[in-house]
Amino acid sequence: MKLTHSCIITNRVNELCDFYKLVLQIQPQIFGKDYVEFPTDGGILSFFSFDAQEKYAAGTTKPAFNKSLELEFNVDNVEEEYERVKKLNVEIAKPLTTQEWSNRSFYFKDPDGN
């Protein structure tokens, strides 16, 4: 089995699209005002409007309320990416750190708090 797609339901499709375009440095595929995809080597990250989601499955989501989801991106040079992302005025939730399992990483938040 292979995970191919992660979708975040939001009230701010355009804002998240602009944010992730800067962070990921990937051009999104835009499918109307309600849906955007960022194709990556590990699968697709997409954003879908809350209003549209309500038409398909009412009451199943609550945007900008995440307290359990993390998106992890593997990059060639984490130090360079950390410095680049900091310049985007992104909220850094955890600065660049070497984890006890030896990974170097940092955490940041998108406009919805993910």
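A residue counts as buried when its relative accessible area is under 20%, a cut-off that comes up again in the last of these views of a predicted model.

**View 1. The largest pocket and what sits around its centre.** This pocket holds about 1500 Å³ of space. Its lining runs to 49 residues, and L71, E72, F73, N74 and F108 are the ones nearest the centre. Strand 1 (5–10), helix 1 (13–24), strand 3 (35–40), strand 4 (43–49), helix 3 (78–86) and strand 6 (104–109) each give two or more residues to that lining.

**View 2. A second look at the largest pocket, now by residue class.** Strand 6 supplies the largest share of the lining, with six residues. Sorted by class, the lining comes out as 21 nonpolar, 16 polar and twelve charged residues.

**View 3. The second largest pocket.** Here we have about 190 Å³ of space. Lining it are 14 residues, with I8, I9, K62, N66 and N114 lying nearest the centre. Seven of the lining residues are nonpolar, four are polar and three are charged.

**View 4. D112 and its neighbours.** Look for D112 in the segment after strand 6. Its relative accessibility is 8%, so D112 counts as buried. The D112 side chain makes two polar contacts shown here: one with the side chain of T10 at 2.5 Å, and another with the side chain of R12 at 3.3 Å. Leaving out residues up to four places away in sequence, D112 touches I9, T10, R12, L16 and A64.

Note on methods
Residues numbered from 1 in each chain as written. Predicted model: local features only at pLDDT ≥ 70, side-chain atom pairs only at ≥ 80, totals over all residues. Heavy atoms only, no water. 1 Å grid on protein atoms, 1.4 Å probe; cavity = no way out; pocket = protein on both sides within 12 Å on 5 of 7 lines; lining within 4 Å. Points joined across faces, edges and corners; volume = space filled by probe spheres on them. Helix = DSSP H or I, 4+ residues; strand = E, 2+ residues; numbered from the N terminus. Nonpolar A, V, L, I, M, F, W, Y, C, P; charged D, E, K, R; others polar. Buried < 20%, exposed > 50% of the residue type's maximum accessible area, 1.4 Å probe, protein only. Polar contact = N/O pair within 3.5 Å; in protein donor to acceptor, adjacent residues only side chain to side chain. Contact = heavy atoms within 4.5 Å.
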